Amino acid sequence: MTKVNKILVTATNYSKLCAEAKQLLEDNGCEIIENRLGRPFTFEELKDIVHDIDGVVAGVDTWDQAVFQLAPKLKVIARFGVGVDNIDLEKAKQYGVKVTNVPGGNANAVAELAIGLILGAVRNIPALQQSARNGVWDRFVGAELKGRKIGLLGFGNIAQMVAKKLQGFEVQLSAYDKYPNADKAQELNVTLTSYEHILRESDVVSMHLPSLQETHHFMNNETFGMMKDGSYFVNTARGAVVSENALYEALKSGKLAGAAIDVYEQEPVSADNPLFQISNIVTTPHTAAETYETYHLVSLTTAQAILDVFHDKQPANLLT
């Protein structure tokens with residue numbers, strides 16, 4: 001009898017948006033167990049279902065030793081995206097679990113939303129929409145991007161796409177990265193500099209750093225304090241790189257004119273988050289990568305990675 005591999009998909013909307021990838025797995029003898037919650041699994045939910053799982057298409061749920069020790073059959077986690085800060089790679093290796101991701105798979109989608117959030121913040125678009133719907137003729141005076149200084153904290157695939165797309169706005173671009181790509185910076189007319197210089201000089205700061213131990217709360221009271229009075233902050237990277245308390249204070253005090261964020265320290269975010277009580281912030285629910293194009297590309301890549309592991313082949317983008 002042919003062995004059936006059970007695949008847990010914790011990324012959401014799999015049947016709806018990833019039908020081709022799902023069919024690929026099923027055609028190769030896999031049984032798909034989908035996340036029907038519309039949000040990441042908690043540990044309490046995972047612990048009851050991972051005992052006989054062979055592979056995972058992972059969203060942003062936490063995969064650590066507590067989970068691995070309950071999943072003796074688990075061979076592979078294919079991260080549905082690029083960031084793997086929710087997966088303990090060292091423990092995965094110890095438990096013999098291969099981990100893959102899809103670098104660049106959602107870069108264009110995230111870059112487009114980052115620019116949308118920048119425009120939404122500086123022109124106060126969400127609040128103006130609500131104002132108009134309420135019958136209030138609020139003629140808010142916003143700022144133009146033309147001639148402004150925009151600083152990118154991080155200069156990987158997403159930040160590079162943001163820089164490319166901003167060329168037509170006639171802005172001055174600068175970027176900080178621990179391992180800067182000088183050739184790409186020159187190609188995109190981006191000045192590489194220190195993060196201190198970006199914070200002090202930029203009218204808009206866009207966050208693109210990965211979530212690592214060294215970048216935890218990179219933006220805090222001190223670093224927000226370095227920013228120009230009346231500037232804007234945008235985060236489409238990871239919630240952990242920003243202290244929400246510090247961001248709240250910077251917005252509440254008027255240090256920042258506004259902010260726009262797609263990610264949070266705790267996700268799913270709670271409705272009583274203090275940031276939701278402030279009028280000069282645009283918020284979206286970690287939706288930057290949510291496009292049909294991203295789902296198609298990333299789902300097929302992750303499905304193939306899982307099948308490669310099952311067939312004793314080295315998958316693309318192997319991390320452990």
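Strands here are DSSP E runs of at least two residues, helices H or I runs of at least four, numbered from the N terminus. Val-76 stands opposite Lys-98 in E5.

This is a predicted model: local features need pLDDT of at least 70, side-chain atom pairs pLDDT 80 or more, while totals for chains, interfaces and linings use all residues. Residues count from 1 along each chain as its sequence is written, and side-chain values use heavy atoms, without hydrogens or water.

Next I traced the whole sheet. I read an open sheet of five strands, in the order E2-E1-E3-E4-E5, with parallel pairing. Pairing requires at least two DSSP bridges between two strands. E2 (30-34) and E5 (98-100) are the edges, each pairing on one side only.

Then I checked the helices. H2 (residues 19-27) packs on the sheet, touching E1 (5-9) and E2, and its direction makes about 140 degrees with that of E2. Contact means heavy atoms within 4.5 Å. Angles run from 0 to 180 degrees between N-to-C directions, with axes fitted to C-alpha atoms, for helices over the stretch in contact.

Last, I looked up the cores. The largest nonpolar core has 31 residues. Such a core is a set of buried Ala, Val, Leu, Ile, Met, Phe, Trp, Tyr and Cys residues joined through side-chain atoms within 4.5 Å; buried means under 20% relative accessible area, with a 1.4 Å probe and protein chains only. H6 (107-122) gives the most to this core, nine residues.

Terms used
Buried means under 20% relative accessible area, exposed over 50%, partly exposed in between (1.4 Å probe, protein chains only).
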